[in-house]
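User: I am new to this structure and would like to go through it step by step. Please look at the entry below and answer my questions in turn.

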Amino acid sequence: QVQLAESGGGLVQAGGSLRLSCAASGNIYSIDDMGWYRQAPGKQRELVAIATRGGSTDYTDSAKGRFTISRDNAKNTVSLEMNALKPEDTAVYYCQARIWAVGRSISDYWGQGTQVTVSS
């Protein structure tokens, strides 16, 4: 069984920084894309940043220049460094990974979510 475990959320003042981490575990054959999504109250879940296995990255416009996604393929981990945080970044952040589990077809897996709250 594959699981994604997140850590690193919390409360921070505007302008501050947080680092989110996510580790995939279980019977994993290979991991394709890994990313971070967020969902604010009353809004749809949106992609924040994504990193391919080959190292390419992409960000939503509001995250460009402030957030950095990184992954360690050997450790099956992905992190999101968030700087210059704004109140509008407040949301539940979810780790996502597209994983080939042993004996299964490729599927999207999600973490349980971690709350990020930015106070003004």
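User: How many aromatic pairs does the count come to?

Analyst: This is a predicted model. Two rings are counted as a pair if their centres lie within 6.5 Å. By this rule, the count comes to one aromatic pair.

User: Which residues form the aromatic pair, and is the pair stacked or edge-to-face?

Analyst: The rings belong to tyrosine 37 and tryptophan 110, with 4.9 Å from centre to centre. Planes over 60 degrees apart count as edge-to-face. The angle between these planes is 65°, and the pair of tyrosine 37 and tryptophan 110 is edge-to-face.

User: How many residues apart are tyrosine 37 and tryptophan 110?

Analyst: Tyrosine 37 sits in strand β4, while tryptophan 110 sits in strand β10. The pair therefore links distant parts of the chain. The two residues are 73 residues apart.

User: Is tryptophan 110 buried, partly exposed or exposed?

Analyst: Buried requires under 20% relative accessible area and exposed requires over 50%. Tryptophan 110 has 36% relative accessibility, so the residue counts as partly exposed.

User: How many helices and strands make up the secondary structure?

Analyst: Read along the sequence, the pattern is β-β-β-β-β-β-β-β-β-β-β. The secondary structure comes to zero helices and 11 strands.

User: What share of the residues is buried?

Analyst: Residues count as buried under 20% relative accessible area. The accessible surface of the protein comes to about 6400 Å², and 45% of this belongs to carbon and sulfur atoms. Of the 120 residues, the buried share is 40%.

User: How many salt bridges does a search of the whole structure find?

Analyst: Side chains of opposite charge can pair when their charged atoms come close. The cut-off applied here is a nitrogen of Lys or Arg within 4 Å of a carboxyl oxygen of Asp or Glu. A search of the whole structure finds six.

User: Where in the chain are arginine 38 and aspartate 89, and how many residues apart are they?

Analyst: The side chains of these two residues meet in a salt bridge, 3.0 Å from N to O. Arginine 38 is in strand β4, and aspartate 89 is in the loop between β8 (77–82) and β9 (91–101). The pair links distant parts of the chain, 51 residues apart.

User: Is aspartate 89 buried or exposed?

Analyst: The limit for buried is under 20% relative accessible area. Arginine 38, at 6% relative accessibility, counts as buried. Aspartate 89 has a relative accessible area of 1%, so this residue is also buried.

User: Which arginine in the loop between β6 and β7 pairs with aspartate 89?

Analyst: Aspartate 89 forms a salt bridge in which the closest N and O atoms are 2.8 Å apart. The partner lies in the loop between β6 (57–59) and β7 (67–72), so the pair ties together parts that are 23 residues apart in sequence. The partner is arginine 66.

User: Which strands hold arginine 98 and aspartate 108?

Analyst: The side chains of arginine 98 and aspartate 108 meet in a salt bridge, 2.7 Å from N to O. The pair ties together parts that are 10 residues apart in sequence. Arginine 98 is partly exposed at 36%, and aspartate 108 is partly exposed at 36%. Arginine 98 lies in strand β9, and aspartate 108 lies in strand β10 (residues 107–110).

User: Which residues form a nonpolar patch on the surface?

Analyst: The patch has about 440 Å² of accessible area together. One member lies in strand β4 (residues 28–39) and is exposed, with a relative accessible area of 67%. The residues are Tyr29, Trp100, Val102 and Ile106.

Note on methods. Residues numbered from 1 in each chain as written. Predicted model: local features only at pLDDT ≥ 70, side-chain atom pairs only at ≥ 80, totals over all residues. Heavy atoms only, no water. Patch = residues over 30% accessible without salt bridge, like charges linked within 9 Å, V, L, I, M, F, W, Y side chains within 5 Å. Areas by Shrake-Rupley, 256 points an atom, 1.4 Å probe, with all protein chains shown as cover. Helix = DSSP H or I, 4+ residues; strand = E, 2+ residues; numbered from the N terminus. Buried < 20%, exposed > 50% of the residue type's maximum accessible area, 1.4 Å probe, protein only. Phe/Tyr/Trp six-rings, centres within 6.5 Å; stacked < 30°, edge-to-face > 60°.
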